[in-house]
Amino acid sequence: MEHFFFEAIPVWVSGDKIDLFNTKLVFETHIEIKENYKIFLSAFDYYRLTINGSFVGFGPARSAKGYARVDIYDLYKFHNTGIDEICIEVAGYG
């Protein structure tokens with residue numbers, strides 16, 4: 001099944017740090033992952049997804065110039081009992 005979206009919400013630094021080269025950001029949250037929870041990720045440069053410290057995937061998926069693909073990960077496969085840690089590391093090279 002293909003998934004399309006027409007609008008996304010970019011998440012990045014703002015203010016005077018927006019134009020910095022070689023930037024790495026870490027986004028982390030703690031939730032209890034339920035069945036059918038999925039995460040949809042796309043990035044301009046590179047990202048790495050880990051759940052509970054285990055490597056899940058990286059991206060972005062390659063596509064033609066001017067286009068972006070969305071990677072979809074089933075989070076429930078990586079669920080532990082209780083609260084799970086989801087970490088997305090993103091590198092921006094300018």
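Is Glu89 buried or exposed? Glu89 is buried, with a relative accessible area of 15%. Buried here means under 20% relative accessible area, exposed means over 50%, and partly exposed is in between, using a 1.4 Å probe and protein chains only.

Some ground rules come before the rest. This is a predicted model, in which local features need a pLDDT of at least 70 and side-chain atom pairs count only at pLDDT 80 or more, while totals for chains, interfaces and linings use all residues. Residues are numbered from 1 along each chain as its sequence is written, and side-chain values use heavy atoms, with hydrogens and water left out.

The score pLDDT is the predictor's confidence in each residue, from 0 to 100. The protein chain has an average pLDDT of 85, and 91% of the residues score at least 70. Elements are named by DSSP runs numbered from the N terminus: helices (H or I) have at least four residues and strands (E) at least two. Among the elements of the protein chain, the lowest mean pLDDT, 89, belongs to strand E2 (residues 38-41), and the highest, 95, to E3.

Side chains of opposite charge can pair when their charged atoms come close. A salt bridge is counted when a side-chain nitrogen of Lys or Arg is within 4 Å of a carboxyl oxygen of Asp or Glu. The structure holds three salt bridges. One of them joins Glu89 to Lys24, with the closest N and O atoms 3.0 Å apart. This pair links distant parts of the chain, since Glu89 is in strand E6 (residues 84-92) and Lys24 is in strand E1 (residues 23-31), 65 residues apart. Lys24 counts as exposed, at 53% relative accessibility.

Glu89 also forms a salt bridge with Arg48, and here the closest N and O atoms are 2.8 Å apart. Arg48 lies in strand E3 (residues 46-51) and Glu89 in strand E6, so the pair ties together parts that are 41 residues apart in sequence. Arg48 counts as partly exposed, at 38% relative accessibility.

Another salt bridge is formed by Lys34 and Glu32, whose closest N and O atoms are 4.0 Å apart. Lys34 is partly exposed, with a relative accessible area of 42%. Glu32 is partly exposed as well, with a relative accessible area of 39%.

Next comes the nonpolar interior. A nonpolar core is a set of buried Ala, Val, Leu, Ile, Met, Phe, Trp, Tyr and Cys residues joined through side-chain atoms within 4.5 Å. The largest such core has 13 residues, of which Ile39, Leu41, Tyr47, Leu49, Tyr73 and Ile88 touch the most other members. Strands E2, E3 and E6 each supply at least two residues of this core. Tyr47 has contacts (heavy atoms within 4.5 Å) with residues including Leu41, Tyr73, Ile88 and Glu89, where residues up to four places away in sequence are not counted.

The structure also has pockets. On a 1 Å grid over the protein atoms alone, a pocket is an open set of points where a 1.4 Å probe fits, with protein on both sides within 12 Å along at least five of seven lines; lining residues have an atom within 4 Å of a point. Grid points are joined across faces, edges and corners, and a volume is the space filled by probe spheres set on the points. The largest pocket has a volume of about 1,100 Å³. Its lining has 43 residues, of which Val11, Ser42, Ala43, Phe44 and Val90 lie nearest the centre. E1, E2, E3 and E6 each supply at least two residues of this lining, and E6 gives the most, with five residues.

The backbone has a few details to look for in the loops. The peptide bond from Gly59 to Pro60 is cis, with omega near 15°. Pro60 is found in the loop between strand E4 (54-59) and strand E5 (71-74). Asn36, in the loop between E1 and E2, has a phi near 70°, a positive value in a residue other than glycine. Asn36 is exposed, with a relative accessible area of 62%. Asn52, in the loop between E3 and E4, also has a positive phi, near 55°. Asn52 is partly exposed, with a relative accessible area of 26%.
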